[in-house]
Amino acid sequence: MHLNGNLAAKMVEILLIEDNPGDIRLVKEVFKDSKLHNNLRVALDGEEAMKMLRQEGEYFKAQRPDLIILDLNLPKKNGIEVLREIKEDKSLKCIPVVILTTSNAEEDLEETCKLDANCYITKPVDLDEFIKVVKSIQNFWLEIVKLPPR
Amino acid sequence: MKEILLTKIALQKSEEKYRTLFETITQGVVFQDVHGHITSMNPAAEIILGYDCEEILNKKSDNPLWGAVKEDGTHFPREVHPYMRALKTGEKVQGVVMGIENPSKEGYTWLSINAIPLFQPGETKPYQVYTIFEDISSRKNMEKALIEKERKLSALYETLPIGVSIVNKNRDVLDVNPAMEKILKLSKEEILRGKHKKRRYIKGDGSEMSIDELPSSIVLHGGGEIVEDDVGVVTEDDETIWIKVIARTLPFPDWKVLILTSDITQRKNSENALKESERNYRELVHNSLVGVYKSNLKGDILFANEALTRIFGFDSVEELKEQNIKNLYKYQEDRTSLIHDLKECGGLADYELEMVGKNGQGINLLVSASLKDDVISGMFMDVTRGKLAEQKLRESEERYRSLFNQMSEGFAVHEIIFDSKGGPIDFRFLDINPAFEKLTGLKKDEVVGKLQSEVVPGDTVDWVSIYGEVALTGKHKHFDGYSDTLKRHYDVCTYSPKPHHFATIFSDITERKGSEENLKSTLGKLEKSNYDLEQFAYVASHDLQEPLRMIISFLQLLQRRYGESLDEEAQEFIGFAVDGAVRMQKLINDLLKFSRLNTKPVKFREVSTEEVLEQVVFESKIFIEKNDAVITHDPLPVIFADFNQMVQLFQNLVVNAIKYHGPERPQIHISANKEEDGWLFSVQDNGMGIDENQKIKIFKIFQRLHGRDEYEGTGIGLAIAKRIVERHGGRIWVESDPGKGSTFYFTIPQGG
């Protein structure tokens, strides 16, 4: 497999914005098994996510992520708002955002598409399917796609 | 000696002869010595120069005394003086023109001078010069006058506002003046090249004029000394220039004809306009329905038109003119007072008269007339019919009056009251009908003659500005209004029968208003409930699924991680739990799909049902192949529907038909028939069929006819199909022969 040049040696930073501990656990399981050096950090709500991304307060040392995995149904600030703020922020809008959500509502798909989400995935019910999906995200966005420099 | 004497005598004689010549010659002769001093001169010279011999002897002829000038009036330099030139060159100088000041004359005396040098025998240098000169002043002045005249004539020619052209015997133009260029709208060069000859000419009556008919041609062909005519010249731009042309012969070999041209386009146009206007008036008078006449005070009819003849029932204008107008009056005193009034005022209008026609029939007329120079000019309008109409109007008025009294709508007539600036501030009730009393509970004597501010003082509706606009603009209005004073709602129609007045027609809609309010509130509730339903759909798609996913995922994780340490029964229990959760998830998704059908608007457009079927076959390819199904169809129509919903409908029916197949290979046939107001589709299968008592049940949501081990699915497919058809305004049903197959029918109306 061809490895993304600037990521091959480095640690890959992933920000998972998700409030469901079950899903966090499942995503972590998949990334733990990955052969990539990765650092998966989790924001439990929209506000925390934005603080991390903007390196505010306690997160002043937080690394800027290479990939954001974003749930839509979030406390405090929902996923749509988070997505809008990311895409309106010059320094953040280049980071690919993968929407990973339970919702298969067309409204959500349309809305996130308008806001330039990089892809939209509905969380599969089946465990195997779910693992496959998270692995595909990892494979496509971290190994195949050439990512912009941090 | 004798010879010498003879010679002397001969010399004397000759001397005498020359002296006589010298004394009597009309030319002036002056002798000058080698220095230019005048030594002698003859009497003619004295006269011409205006000085006595003594005064100028020994003066040089270039003396400033003479004030010599050249022909052009500048100083005559000494060195070119004829005598100087003769002295210097020893040659004759001839025909030099010089002006000098003769003290006894005004202006210059002009001389033509010849200077002749004289030589001593054997000498080459002259020892004296004599100049002979004559007074050419009168000739010179004549010349000057001629030049002046020529200059003036030329200026006249150039500035003359009349076009002048001169042609030769071939009608080629030799010269034109600027006025001609302007009239013909051509430059001199163009005219000289003959461009005007390519133009069309027309006569005063508009007919074509040939070249031979042009005045210049007539003159050239000897048709007259002076020929005059009006000619229309049609230019290259199709514009007609009207010109008056006078051509006359010239007595010169090359200049044959002189043509004088003036532009009369404007006159011609106004002439035509006048003719047109005259004709219009003539026709107007002739064809008018109003009788027009002129008569004198004796009663003789001087002029009458056709209409007047008709009004009085005569056969012709001539027959009418034989009458005395007095005889046409029913009452002579009418004529007496008409003439009296005319004499007083000079004119009158709309004077009502009763007159008598040829056959004695009475005629009601309106007369307008004027009197001038004892001639009455007037117009008669027949209003006999108008009188009849008045009668009819009265009857009609009665009819409307009875309508006014008996109609069930309230009717009122009002006038607007204005403030000092002309803005409406109130209105007065002029008349109301009985229905008005009934609908408002107000009595006629409480209302008529009263102001709005007195009758319904508590009303918040600004009736005045609404009605004010109607009364001022004349535009009618239709609106619902509520009277706080009367506590009633009214449907009001208002219009303006005449300026500053308005009428209202109204009915009491208080009850209708009440039910409208109810309807509005019900609609509001319905909208709210619909909104809630949409919210539910969204929540269902999102929040309800998440816990389910958790259950399923972690049960599966449990099974995978710890499966080996669990016994068979525990594995089975986990399996049941997972199955249940998966099923619940499907149910939620189907329920969501079903509810979306209600909340999402149907996007109607033209849809080819053949395309719909192609899409269905494409999407269900694997399922069709797996079941080895054959799908056939008749030509299918284009309908007005929502494409995606049509795909869903056909898919559900086709998949259903395949799923519940019989022992034979599934065969599905789709056809469509044109009905009166739309299309009837049918999906026929050779499947297991449906029992009579199940036929209605199958369209209910989550209704299953078979155990879940036998057939997959939540039982929503036909419920969705039914909902789609209903959303399109159609109907769906099934006919079946158990064991042989079923046919699903549905209709889609024409308009969607």
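Modeller: Chain A has an open sheet of five parallel strands, in the order 2-1-3-4-5. Strands here are DSSP runs of E with at least two residues, helices are runs of H or I with at least four, and both are numbered from the N terminus. Two strands count as paired if DSSP finds at least two bridges between them. From one strand to the next the twist averages 20 degrees.

This is a predicted model, in which local features need pLDDT of at least 70 and side-chain atom pairs count only at pLDDT 80 or more, while totals for chains, interfaces and linings use all residues. Residues are numbered from 1 along each chain as its sequence is written, chains are lettered from A and ligands numbered from 1 in the order written, and side-chain values use heavy atoms, without hydrogens and water.

Within the sheet, strand 1 (residues 12-17) and strand 3 (residues 67-70) of chain A pair in parallel over four bridges. In this chain, L16(A) stands opposite I69(A) of strand 3.

Helix 2 of chain A lies across strand 1, strand 2 and strand 3 of chain A, at about 135 degrees to strand 2. Angles run from 0 to 180 degrees between N-to-C directions, with axes fitted to C-alpha atoms, for helices over the stretch in contact. Contact means heavy atoms within 4.5 Å.

Helix 2 of chain A also meets helix 3 of chain A: G46(A), M50(A) and L53(A) face V82(A), E85(A) and I86(A) across this contact.
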